[in-house]
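Trainee: I would like to go through the labels given to this structure and the criteria behind them. Please set each value against its definition.

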Amino acid sequence: LFVLAAGICWGSIGPFIRTFNKAGLYSLDIVVLRSISTTIFLFLFLLVYDRRLLKIRLRDIWCFIGTGIVSMAFFNFCYFSLITISTLSAAAVMLYTAPVFVMVLSAILFRERMTKNKAAALLLTVLGCIFVTGVIGDAASLSLRAILLGLGAGLGYALYSIFSRFALRKGCHSFTISFYTFLFASIATIPMADFRKIAAVGTSSLFMLLFCLFSGFVTTALPYILYNFGLAGMENGQAAIIASIEPVVATLLGFFAFHERLTGGNLIGIVLVL
């Protein structure tokens, strides 16, 4: 249920991205804005909840460089770039090449078994994702750039589960992992973005300020905390498949909020993912 809730939160990111686009912010700017707002939220929360969770061992810092920079910054940049050149459903589905990466890497690094049930669930998920995108009937809609960005997003997303598993094995709390993930993501991306424009948009009105904070909480802080809690009780491969509810949510939001086309193939894909 924790992982499922995380997937639903992640799937709701499209309308937030489109709103930021209208305000003049794009891929890297949004990555920085989300990372900073989430870092601030989690820092204030941990000060009140349990400030001991802010402490980490220096020898474990590589785990958070992995979750924050190698995974988070890279995945978000690829994913947000993809959203600007494709539909929400296509972007979310390309992201869900991630379970394939997760299962392969987890089998190699953590000796997780590839069972018949897992293989069947993975196959249905991938088939469902293909139907949801509509690429079977309209392959030309995805350019080579979109495909590469989608594969990059999938790999970056998969690496979060891998590095988080290492951190959990070292005894790190879910909140600690989430906070340092976004702290390192902020450090890595701030020098590459237009910080003046980000600050101008974020402080342009009370609504926009609250919207930025709300976006950081609903689509970033909350789902990553939920996912880490869920990950502590199951294998990486299982979590990756359950979280694939995200493209279903993204597709339905695209249909209801942005009037994107919902075909029979999309509906078949949703059923297969479920």
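Mentor: Start with V100, which counts as partly exposed because its relative accessibility is 36%; buried means under 20% relative accessible area, exposed over 50%, and partly exposed in between (1.4 Å probe, protein chains only). V100 lies in helix 6, helices being DSSP runs of H or I with at least four residues, numbered from the N terminus.

Trainee: What should I keep in mind about the model and its numbering?

Mentor: The model is predicted: local features need pLDDT of at least 70, side-chain atom pairs count only at pLDDT 80 or more, and totals for chains, interfaces and linings use all residues. Residues are numbered from 1 along each chain as its sequence is written, and side-chain values use heavy atoms, with hydrogens and water left out.

Trainee: Why is the contact of K197 with D29 called a salt bridge?

Mentor: A salt bridge is a side-chain nitrogen of Lys or Arg within 4 Å of a carboxyl oxygen of Asp or Glu. The closest N and O atoms of K197 and D29 are 3.2 Å apart, so the pair meets the definition. K197 lies in helix 10 and D29 in helix 3, so the bridge ties together parts that are 168 residues apart in sequence.

Trainee: Is D29 buried or exposed?

Mentor: D29 is buried, because its relative accessible area is 8%. K197, at 31%, counts as partly exposed.

Trainee: How do you know that E235 and K118 form a salt bridge?

Mentor: Their N to O distance is 2.3 Å, so it falls within the 4 Å limit. E235 lies in the loop between helix 11 and helix 12 (236-242) and K118 in helix 7, so parts 117 residues apart in sequence are tied together. K118 counts as buried at 9% relative accessibility, and E235 as partly exposed at 29%.

Trainee: What makes the phi of R111 worth a remark?

Mentor: Most residues other than glycine have a negative phi. R111 is not a glycine, yet has a positive phi of about 60 degrees. R111 is found in the loop between helix 6 (98-109) and helix 7 (116-133), and counts as exposed because its relative accessibility is 66%.

Trainee: Which classes make up the lining of the second largest pocket?

Mentor: The lining has 9 nonpolar, 3 polar and no charged residues. Ala, Val, Leu, Ile, Met, Phe, Trp, Tyr, Cys and Pro count as nonpolar, Asp, Glu, Lys and Arg as charged, and the others, Gly among them, as polar. A pocket is an open set of points on a 1 Å grid over the protein atoms alone, where a 1.4 Å probe fits, with protein on both sides within 12 Å along at least five of seven lines; lining residues have an atom within 4 Å of a point.

Notes:
Helix = DSSP H or I, 4+ residues; strand = E, 2+ residues; numbered from the N terminus.
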